[in-house]
Amino acid sequence: MSAVGGGYGVETCAWRHGRGKEGAYGRCHVCMGKGSLPVSRPAQKCPDCLCTGRREEAPGEPCARCGGTGWEGAYRPAANTSGTAPR
Ligand SMILES: [Zn+2]
Ligand SMILES: [Zn+2]
């Protein structure tokens, strides 16, 4: 069972297809290199990028809707590092 908390499941990060390895952009900035990330249940694939995490017109850019996760309602660690982080 996941320890993420209520309403979330763990899904594979679409940006690097779960590899979380080094690439043209270095470590995956979507999942912080973990290869997976929490997604609110029920997990729904992003309709904009069809769960690829990429913009069709600009494959090098992360999908604006899902931030490159490929999922709707995904929790993005990278997106939550700004501002005050709850401890
Ligand atoms: Zn990733
Ligand atoms: Zn998307």
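Helices (H or I, at least four residues) and strands (E, at least two) are DSSP runs that are numbered from the N terminus. In this predicted model, the chain has zero helices and three strands, and reading along the sequence gives the pattern β-β-β. Residues are numbered from 1 along each chain as its sequence is written, while chains are lettered from A and ligands are numbered from 1 in the order in which they are written. Because the model is predicted, local features need pLDDT of at least 70 and side-chain atom pairs count only at pLDDT 80 or more, whereas totals for chains, interfaces and linings use all residues.

**The sheet**

- The three strands form an open sheet in the order β1-β2-β3, with antiparallel pairing, where two strands are said to pair if DSSP finds at least two bridges between them.
- β1 (8-12) and β3 stand at the edges and have a single partner strand each, so one side of each is left without a neighbour in the sheet.
- From one strand to the next, the twist averages 70°, an angle taken between N-to-C directions on a scale from 0 to 180 degrees, with axes that are lines fitted to C-alpha atoms.

**Partners across the strands**

- Five bridges connect β1 and β2 in the antiparallel sense; Gly-9 stands opposite Val-39 in β2, and Glu-11 stands opposite Leu-37 in β2.
- β2 and β3 also run antiparallel and are joined by three bridges, and Lys-45 has Trp-71 in β3 as its bridge partner.

**Burial, core and contacts**

- Of the 87 residues of the chain, 29% count as buried, where a residue is buried if 20 or more other C-beta atoms lie within 10 Å of its own, exposed if 12 or fewer do, and partly exposed in between, with C-beta atoms placed from the backbone.
- The largest nonpolar core has 15 residues, of which Cys-13, Cys-46 and Cys-66 touch the most other members; β2 (36-45) and β3 (71-74) each supply at least two residues of this core.
- Such a core is a set of buried Ala, Val, Leu, Ile, Met, Phe, Trp, Tyr and Cys residues joined through C-beta atoms within 7 Å.
- Among contacts in the chain with a separation of 6 or more, 51% are between residues 24 or more positions apart, a contact being two residues whose C-beta atoms, placed from the backbone, lie within 7 Å.

**Backbone details**

- Most residues other than glycine have a negative phi, and most peptide bonds are trans.
- A cis peptide bond, with omega of about -5°, joins Arg-41 and Pro-42, and Pro-42 has its place in strand β2.
- Met-32, in the loop between β1 and β2, has a positive phi near 60° although it is a residue other than glycine, and it counts as partly exposed because it has 15 C-beta neighbours inside 10 Å.
- Leu-50, in the loop between β2 and β3, likewise has a positive phi, near 55°, in a residue other than glycine, and its 13 C-beta neighbours inside 10 Å are why it counts as partly exposed.

**A loop residue, Lys-34**

- Lys-34 is found in the loop between β1 and β2 and is partly exposed, with 15 other C-beta atoms within 10 Å.
- From C-alpha to C-alpha, Lys-34 and Arg-16 are 9.9 Å apart in space, and they are 18 residues apart in sequence.
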